[in-house]
Amino acid sequence: MEEHPAQKQNNTGNAPILKIGVFFVVMLGAVAAGMLIKFVFSPGVKLIFPVIFPALVEAAFILFALAAYLISSRPQLVESQKNLYAVGVAVVIAYLVNIYLAFIGIFAVPSALAAFLIVPIGKRRDAFIGNLFCNFLVLVTLVTEYVFSSAADLPFTVLDIAASFSLGVSLGSFAAYTLSNKTGRFWYVVKGILIGIASAVIMLFLHACQGVYQILLIADAADRPTLAAILDEYVLRYLLHAALYCTAPVVLGLLLQPLFERVFNLVTESRLVELADHNAPLIKRLRLETPGTFNHSLAVASFAEMCASAIGENPYLARAAAYYHDVGKLENPQYYRENQTDDNLHDELLPELSADIIRAHTTDGLKLCEKYRIPAEVAEITVQHHGTLLIPVFYEKAKKMTDSPVDAYVYSHHGITPTSKIAAIIMLCDASEAALRTLESMNIENVNNVLSFLFEHRIVAGQFKNCDISLKELDTIKNTLISACGGMYHKRVKYPGE
């Protein structure tokens, strides 16, 4: 069987080593540019190139360690280049913000910003690692600037840099594993500010301890500063810094998240909710131009969301994928039964031509999704939800029209078998919803028989060989669909007079 063009595109491409090598060079170039501009405008640094060379070498080692981690522990991120570069850009933005705002005060810069930027668009370990390496880059840059500058030119010391580094790593680690539990933007703000307040309190406490130490250090009572002076110098002076430290990461994270989603076409829960909006451009077309297909997609989405939740997959992704799985029918809506009235246009066509039209809706759907910049995680399911299954109606029609053997390939879908559990769910829910509409009697026994046949047929046909879904999960999906049918296709009480 021929390989689908989209599958060929997925199977080709640069090797992971080459991808991570390009990523390393791009990151080093961005860091070097930011570092050079920083040192050029630093008031204390006079000889730029003797200063930047050792800093660049250290930054190269840090980025090489990051690349080594990614290639060994996060090959999925390396493979998905848009996610890889989204994380990289977040690290660079956080790095630039930290080194350029250090002149305000070392404790005013949002040292945990990288974690707050990555949490909404990536996994928690990506946020943790990105924040860690970002703080290492900031540490190298600021220490280098301090070493090659006179102390009077900079508002911070090496101890301040070390304290900020420790605070950024610890706060960023806590944020990465606290904010990534999919609680929505409101709780992202609430939790983020609470984390910032806790860190600001710790920071002010450390400054107060520094003032008390100054009191204890000076033996002469006449020269010893008063408590009010200590409060003014070490606490009140840093209140604005503490306020910035609390709110800056949260605000920047919220402002940049939609930008990251659009530029890199990322799949986040917020983006998936937007995609499933009935007024989203492609869904609006589906709703207005093909109301039958739209209603079918709504039913599939309801099934898919329940099935995804039942096996621990992302229900938002399942719903969005279900909404878009049949958008290819927009090209020839009148040739699909749910959009027809009494006349069936296929009655006048040869079965081979009918099969071509039906088969085309998968590739047409992928093209439409690419045109409307639908994320690949959703778009690719358009060519996977029928896999390589036979189109039985036209195959049987062709067999009746000739005594010669009929090539099943001509009457089969030429798509890709599901490569993810979500794609498998959409395949099963799509077929189940269509089949259940044909039942004259909707009872548990009939539903179970139909679904058992559909599931077994797809397993035998090898439709799930390219995804890691288990038989236990398939059984869970079937039982979920059986339960869902009672709620969707139940009979209503007939009221008197009807």
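**Close-up views of a pocket and an aromatic pair**

**View 1. Helices around the second largest pocket.** Helix 16 (351–371), helix 18 (392–401), helix 19 (421–436) and helix 20 (444–460) each contribute at least two residues to the lining of the second largest pocket. Helix 19 gives the most, six residues. Helices are DSSP runs (H or I, at least four residues), numbered from the N terminus. The model is predicted: local features need pLDDT of at least 70, side-chain atom pairs count only at pLDDT 80 or more, and totals for chains, interfaces and linings use all residues. Residues are numbered from 1 along each chain as its sequence is written, and side-chain values use heavy atoms, without hydrogens and water.

View 2. The volume is about 1,200 Å³, taken as the space filled by probe spheres set on the grid points, which are joined across faces, edges and corners. A pocket is an open set of points on a 1 Å grid over the protein atoms alone, where a 1.4 Å probe fits, with protein on both sides within 12 Å along at least five of seven lines; lining residues have an atom within 4 Å of a point. The lining counts 34 residues; His-386, Ile-391, Pro-392, Val-393 and Ala-434 lie nearest the centre.

**View 3. An aromatic pair between helices 7 and 8.** The structure holds five aromatic pairs (ring centres of Phe, Tyr or Trp, its six-membered ring, within 6.5 Å). Phe-136 sits in helix 7 (residues 124–147) and Phe-165 in helix 8 (residues 158–178), 29 residues apart.

Conventions:
Rings of Phe, Tyr and Trp (its six-membered ring) pair if their centres lie within 6.5 Å; planes under 30 degrees apart count as stacked, over 60 as edge-to-face and the rest as tilted.
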